[in-house]
Amino acid sequence: SLFALAVKITLFHINDTHGHAWPFTDSAGNIIGGFSTVATMIDAERKVNPYVLFLHAGDINTGVPESDLLNALPDIFVLNRMKLDAMAVGNHEFDKPREVLLRQISWAKFPFLSANIYKDGKPFFTPYIIKNIGGVRVAIVGFTTEHTKILEGPNSEDLEFKNVIEVAKALIPEIRKQADIVIALTHLGIGQGYSELYTTADQLAQQVSGIDLIIDGHSHTNLSQPIVVNGVPIVQAFEWAKVLGRADIYFEDGKVTKIEWQAIPVVQAKVVGKDEAGKNVYQVITPEAAYVKTALDYFKKLGGAKLDTVIGYTEILLNGERADVRSKTTNLANLITDAMLWKTGADVALTNGGGIRASIKPGEIKIRDILTVLPFGNTLYVLEMKGSDLLKVFEYAASVPNGQGAFLQVAGATWKAEGGKLVEVLINGEPIDPEKVYKVVTNNYMASGGDGYTMLKGQKGYDTFYVMADVVVEYIQKVLGGKITSYDDKPRVERK
Ligand code: ATP
Ligand code: ZN
């Protein structure tokens, strides 16, 4: 170009917010996160800088009951107000039925970007956008992990998740012709070994040229500096808006000359001491933006009364820790599968550990707690299966490495595996009879092949439309009398 155009573009980003539109308390009592706090931080920059972008790298859905109940309307409503420029489509955008996703897209004043998700041979989402920022053409292109197909099972069945590298190799040169800066807004995950089967952000940087910056999500990575691969910085902003990513992109003489990046903790108020009554005393660090907070307060009230309903009391911790429910029996996993069995009178209950998303602390149990444990809205699905087919389910379960969401939690059965091979399954203490027909209850996610349980798909059966979370509430109230003093945590699975 003939004139020397020098522009600094400041790009803010968050990812994997999972319903955390509201500020929340960390283990030290500090009030952190919250879109209302993020808004204040971004607005401060907007006051002095006309060239600001704000992006979300996917997984807006699932994790906070106030948001889940309203299909993430609170999150989208305030992100509109905060003038979000674009969001990448994350795997969790498929947690709810398609009609909900389409409604979310219609609520949003920002595009849901993904260039590699196809339906009937055409991109299903907007692949990319180009913004003119102070005379600089900035392209933002979305990519979504191919793993979504397996993670989300039924709700992504009709879609094709094309290989990210192949799509990018064809698309990035096209975009480059129309733009001065190319930003990939991705929900892929960072790190060697994060996934061997699905494209990661570092593989994208390694194998495809023409990208200036990758703003990623999915692996919930807490970075203090960018990971640079093949000269391309890759950044991520942890999770839940606990941090706000900030990239300053310096553009001069037709090219990017420098990118500075930092992860800024999002802190609304810090504990500075205790008052006479022993209550925390706070110092406000970043005040909440009223135009966001007011809307969030309203949405919180909508679901509040229902969510605050106390349904029982537990004296013990009901363990739903991610690493535990994905590798071994826990009391909470037993309670949930026992509830499934009780409700349906099945011989055996099967549920994926990855579907159990939180623990319940000792104290009152509220509807909110149950929905935090079981946020997906899954229903109970009853199958009639021949013993020989049921055996295949356990053979697959035995092959799943520890730590995966597919880890099989059971009631009415026990199973043992060694080195990935099944060595024993007992149904009600008896070996499986290959000819017998068993009544099996599972969740609708697994019944339609989610988490790799493809052998369940197409089996004779029906959806009961009993919502798992409701069944657990009913079980705690009716069977446990609303009071838990201890619960069976005897191992139902043994692995070596
Ligand atoms: P993110 O996708 O934000 O990185 P995540 O915890 O969902 O976080 P994974 O650790 O890959 O990502 O967990 C995915 C697991 O979550 C799946 O393997 C599955 O066990 C469980 N899961 C996902 N969606 C559902 C669903 N609709 N119903 C039941 N379980 C689900
Ligand atoms: Zn996520």
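In which helix is L307 found? L307 is found in helix α8, residues 290-307. The views below come from a predicted model, in which local features need pLDDT of at least 70, side-chain atom pairs count only at pLDDT 80 or more, and totals for chains, interfaces and linings use all residues. Residues are numbered from 1 along each chain as its sequence is written, chains are lettered from A and ligands numbered from 1 in the order in which they are written, and side-chain values use heavy atoms, with hydrogens and water left out.

View 1. Helices (H or I, at least four residues) and strands (E, at least two) are DSSP runs, numbered from the N terminus. Helix α8 has 18 residues and reaches 24 Å from its first C-alpha to its last, close to the 26 Å expected at 1.5 Å a residue; the expected span is 1.5 Å times one less than the number of residues. A kink of about 35 degrees is centred on K301, the bend at a residue being the angle between axes fitted to the seven residues ending there and the seven starting there. V292, A295, L296, F299, G303, G304 and L307 are the buried residues of α8. They pack against α1 (35-48), α2 (65-68), α3 (73-81), β22 (363-366) and α11 (367-373).

**View 2. The surroundings of L307.** L307 counts as buried because its relative accessibility is 0%; buried means under 20% relative accessible area, exposed over 50%, and partly exposed in between (1.4 Å probe, protein chains only). Apart from neighbours within four places in sequence, L307 is in contact with P65, E66, L69, K366, I367, R368 and L371, where contact means heavy atoms within 4.5 Å. Between L307 and P233 there are 42 Å in space, C-alpha to C-alpha, and 74 residues in sequence.

**View 3. Helix α6 and its cover.** Helix α6 (residues 164-178) has 15 residues and spans 21 Å from first C-alpha to last, close to the 21 Å expected at 1.5 Å a residue. At L171, shortly before the proline P173, lies a kink of about 30 degrees. The buried residues of α6 include V164, I165 and V167. Their cover includes β9 (128-133), β10 (136-144), β12 (181-187) and α7 (201-207). At the start of α6, a side-chain oxygen of N163 comes to within 3.0 Å of the backbone nitrogen of I165.

**View 4. The zinc ion, ligand 2.** D16 (OD), H18 (NE2), D59 (OD) and H220 (NE2) coordinate the zinc ion at 2.0 to 2.5 Å. Donors are N, O and S atoms within 2.8 Å of the metal (3.2 Å for Na, K and Ca); water is not among the atoms, so sites may look incomplete. D16 is buried, with a relative accessible area of 0%, and H18 counts as buried at 5% relative accessibility.

**View 5. The residues around ligand 1.** Of the 19 residues around ligand 1, D59, H92, H218, R322 and D451 come nearest; a residue is near a molecule or strand if one of its heavy atoms lies within 4 Å of it. An oxygen atom of ligand 1 is 3.2 Å from an N or O atom in the side chain of D16, and an oxygen atom of ligand 1 is 2.9 Å from an N or O atom in the side chain of H18. A polar side-chain atom of N378 lies 3.0 Å from a nitrogen atom of ligand 1.

Note on methods: Polar contact = N/O pair within 3.5 Å; in protein donor to acceptor, adjacent residues only side chain to side chain.
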